[in-house]
Amino acid sequence: MVSKVIFGRGCFNQLADILSPRRLNTKAPFIFFVDDVFKGNSWLTSRIPLSYDDKLVYVSTKEEPKTSQIDQLVEDIILTYKERPSGIIGIGGGSVLDIAKAVAIMLNNDGESKDYQGWDLVNTEAVYHVGIPTISGTGAEVSRTTILTGPERKLGINSDFTPFDQVLLDPELTKDVPKDQWFYTGMDCFVHCIESLNGTYLNAFSKSYGEKALELCKEIFIDNDCTDEESQDKLMMASWHGGMSIAYSQVGVAHAMSYGLSYLLGIKHGIGNCIVFDHLEDYYPEGVALFKVMKKKHNITLPQGICANLSDEEFDIMIDVALSLEPLWENAIGKQWKKIITKEKLKALYLKM
Ligand code: NAD
Ligand code: ZN
């Protein structure tokens with residue numbers, strides 16, 4: 001779990017106080033990875049406390065994080081500085097948070113990041129790392145994974161060393177998120193709740209967090225009777241609780257299939273989940289009905305026919321990626337899932353999207 005967290009509008013201003021006791025020495029920098037959407041945004045960047053050799057690195061979120069990108073970022077840091085960094089700070093959405101986690105791990109572990117995709121393959125503690133979300137929903141701020149696309153698969157580095165040492169939750173940082181993206185990333189949280197609460201891995205720990213997150217999602221996306229600020233605050237906590245819920249259970253069908261879309265077609269996580277979830281009424285009837293209400297209420301139009309022109313080979317790649325995520329299917333369907341989920345079934349579902 002994340003060992004330290006602060007919450008509150010404006011708490012971003014406390015970043016300097018949080019970091020300064022963690023500085024190892026003047027030559028060991030803090031590296032700030034910041035979503036490049038904030039380039040030129042002095043409201044945010046002027047408050048990033050840079051001193052000595054600290055560095056601000058803008059990262060593009062056009063594509064989701066790749067293992068090759070992580071290896072390059074780590075190599076750049078190692079070649080530029082004589083000392084190991086004092087800390088890695090990620091400021092952005094799920095993509096940037098995952099980059100910060102992965103770089104912090106790989107600075108202290110040999111080899112390539114692709115070798116650590118999986119469960120509990122990391123041996124050495126990561127460099128001190130801090131997560132500061134600027135959009136809410138993924139739960140990446142709280143989870144024990146960093147999801148990377150590697151040469152063979154899209155899969156997380158899941159380990160006890162992955163979670164942030166410190167998280168700073170300032171809902172004000174989310175104020176300029178565009179409406180569509182607010183919905184897609186917010187729905188990631190909603191889907192986490194539905195997949196966790198309807199999974200065979202469910203337990204009292206996950207249920208308590210999943211139920212709270214789902215209740216908050218309904219207040220934000222259906223009841224819609226809170227102010228913008230309240231809604232930003234609530235979505236930030238929904239994301240946290242949704243992440244906590246899956247930390248002790250698993251996600252399910254939507255995530256498995258959305259990873260396939262992302263791997264083959266580069267479709268991003270939030271919108272990918274929405275595209276898939278829209279067609280999962282056989283698996284999550286109540287959740288999908290609620291999803292359709294929210295989609296309509298917020299005038300969201302999802303892309304159609306995205307798999308219409310794929311070749312058989314391409315379908316095979318996508319389906320193999322989806323099926324390789326065994327724990328997700330076992331959570332969703334049960335131990336007998338291989339008897340129920342066939343390649344043909346998945347192809348028919350993909351064809352509907
Ligand atoms: P993202 O990080 O790509 O951000 C989405 C978009 O919102 C980007 O264009 C970004 O520039 C923009 N944005 C972010 N903050 C903004 C702000 N304050 N104002 C204006 N624009 C802003 O997307 P995401 O949905 O947050 O994250 C998706 C990524 O997270 C995927 O790579 C996915 O695999 C990963 N993920 C990780 C976990 C985990 O537990 N580690 C869980 C779910 C998803
Ligand atoms: Zn997700």
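Modeller: A polar side-chain atom of S95 lies 2.9 Å from an oxygen atom of ligand 1. Keep in mind that this is a predicted model.

Colleague: Which other polar contacts does ligand 1 have, for instance with T185 or L173?

Modeller: A polar contact is a pair of N or O atoms within 3.5 Å. T185 also uses a polar side-chain atom, placed 2.8 Å from an oxygen atom of ligand 1. With L173 it is a backbone N or O atom that lies 3.0 Å from a nitrogen atom of the ligand.

Colleague: How much of the area of ligand 1 does the protein bury?

Modeller: Ligand 1 exposes 870 Å² when taken alone, and the protein buries 93% of that. The ligand is surrounded by 28 residues. D98, T134, S143, T185 and K268 are the closest.

Colleague: Now the metal. Which residues coordinate the zinc ion (ligand 2)?

Modeller: Four residues do: D188 through OD, and H192, H255 and H269 each through NE2. The distances run from 2.1 to 2.2 Å. Along the sequence, the donor residues follow the spacing D-x3-H-x62-H-x13-H.

Colleague: Why is the arrangement around the zinc ion (ligand 2) called irregular?

Modeller: Look at the angles. Four donors count as tetrahedral if all angles lie between 85 and 135 degrees. Here the 4 donor atoms subtend angles of 87 to 171 degrees, so the arrangement is irregular.

Colleague: Where do D188 and H192 lie?

Modeller: Both are in helix α5, which covers residues 179–197. They are 4 residues apart, about one turn of the helix.

Colleague: Are D188 and H192 buried or exposed?

Modeller: Buried means under 20% relative accessible area. D188 has 1% relative accessibility and therefore counts as buried. H192, at 3%, counts as buried too.

Colleague: Where are D120 and N299 found?

Modeller: D120 is in the loop between β5 (118–119) and β6 (129–133). N299 is in the loop between α10 (285–297) and α11 (312–323).

Colleague: What is the relative accessibility of each, D120 and N299?

Modeller: D120 has a relative accessible area of 49%, so it is partly exposed. N299 is at 67% and counts as exposed. The cut-off for exposed is over 50%.

Key:
Residues numbered from 1 in each chain as written. Chains lettered and ligands numbered in written order. Predicted model: local features only at pLDDT ≥ 70, side-chain atom pairs only at ≥ 80, totals over all residues. Heavy atoms only, no water. Donors = N, O, S within 2.8 Å, 3.2 Å for Na, K, Ca; no water. Tetrahedral: all angles 85-135°; square planar, octahedral: opposite > 155°, others 65-115°. Helix = DSSP H or I, 4+ residues; strand = E, 2+ residues; numbered from the N terminus. Buried < 20%, exposed > 50% of the residue type's maximum accessible area, 1.4 Å probe, protein only. Near = heavy atom within 4 Å. Polar contact = N/O pair within 3.5 Å; in protein donor to acceptor, adjacent residues only side chain to side chain. Areas by Shrake-Rupley, 256 points an atom, 1.4 Å probe, with all protein chains shown as cover.
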